[in-house]
Structures are given as C-alpha cells and as structure tokens.
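Here's a quick tour of the model shown below. Have the viewer open while you read.

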Amino acid sequence: MAHPMYGSGPLRSRNAAGSDEIQLRIDPIHGDLDEEIDGLHSRVRMLKGVAQEINSEAKFQSDFLNQLQMTLAKAQAGVKNNMRRMNKSIIQQGSNHVLHVVLFALFCFFVVYLISKFSRR
C-alpha cells in the first residue's frame, strides 16, 4: 500500500520540509530503473524538441510582425503623401471651378436678360 505522502509507483516525489525543492525517492522493487531513466530521458528529449519548435515559431512570428509593421508604416506614409497631394490639387482646381461657376452664372444672367429684352418687343 502506498504511503499518502510519497505517492505510488516506482518513482515517488514529496515536498521537502520548508522548501520548494522536490525529493525523488526511487523504489527498486517496483520497476527497472534503467527503463524508467530511459523513458524519462526520451520524454525530456521530446520536450526539448517541442520547446525548440516553439522558440523557432515565436521568432518567425516576431519577424513576420516586424515586417508587417514596416509595411503598414510605409503604406500609411504613402497614403499621407497622396492625401497631401490631393488636397493641394483640390485647392488649386477649386479656385478654377469657382471662377467657371461665376462665369457660367454671368453668362446665364446675360442670356436671360437678352431673351427678356427681345421678348418685350
């Protein structure tokens, strides 16, 4: 029967009194130590591989985000420059449009005046 403080199975852990360390107690009666060590070694190797994959993926994602931020900054600068040029163009063309509207209004007024003058006769 397993002691509640030690756990069960060939590998048992318990907290050391007054510290955060874990003491590992191996019971040679319940299993082959070499097999347990090999199993642990293979799992540690597998965890190391997973950690390396996570690290490489995190680096890739970080580089991708940096490139995306640079692209976004360039696009914002391009849009800002285009808006500035459009505003300058609208201001320059706007003064010409106002002049055209005033001339058209004067022309319409003159035509209406001539029609009204000749229709009275």
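## Confidence first

pLDDT is the predictor's confidence in each residue, on a scale from 0 to 100. That matters here, since this is a predicted model. Strand 1, covering residues 11–15, has the lowest mean pLDDT among the chain's elements, at 52. At the other end sits helix 1, with the highest mean, 90.

Over the chain, the mean pLDDT comes to 81, and 74% of the residues get to 70 or more.

## The layout

Which pattern do you get when reading along the sequence? It goes β-β-α. In other words, there are 2 strands and 1 helix, with helix 1 running over residues 33–119.

## A negatively charged patch

On the surface, D32, D34, E35 and D38 come together as a patch of negative charge. One of them, E35, belongs to helix 1. Is E35 buried or exposed? E35 has a relative accessible area of 57%, so it counts as exposed, because the cut-off for that label is over 50%.

## A nonpolar patch

There's a nonpolar surface patch too: V98, L99, V102, L103 and L106 make it, and its area is about 470 Å². L103 is located in helix 1. The relative accessibility of L103 is 49%, so this residue is classed as partly exposed; the label applies between 20% and 50%.

How values were computed
Residues are numbered from 1 along each chain as its sequence is written. This is a predicted model: local features need pLDDT of at least 70, side-chain atom pairs count only at pLDDT 80 or more; totals for chains, interfaces and linings use all residues. Side-chain values use heavy atoms; hydrogens and water are left out. Patches are made of residues with over 30% relative accessible area and no salt bridge: like charges are joined within 9 Å, nonpolar side chains (Val, Leu, Ile, Met, Phe, Trp, Tyr) within 5 Å. Accessible areas come from the Shrake-Rupley method with a 1.4 Å probe; for residues, only the protein chains shown count as cover. A salt bridge is a side-chain nitrogen of Lys or Arg within 4 Å of a carboxyl oxygen of Asp or Glu. Lys and Arg count as positive and Asp and Glu as negative; His and the chain ends are not counted. The place of a charge is taken as NZ of Lys, CZ of Arg, CG of Asp or CD of Glu. Helices (H or I, at least four residues) and strands (E, at least two) are DSSP runs, numbered from the N terminus. Buried means under 20% relative accessible area, exposed over 50%, partly exposed in between (1.4 Å probe, protein chains only).
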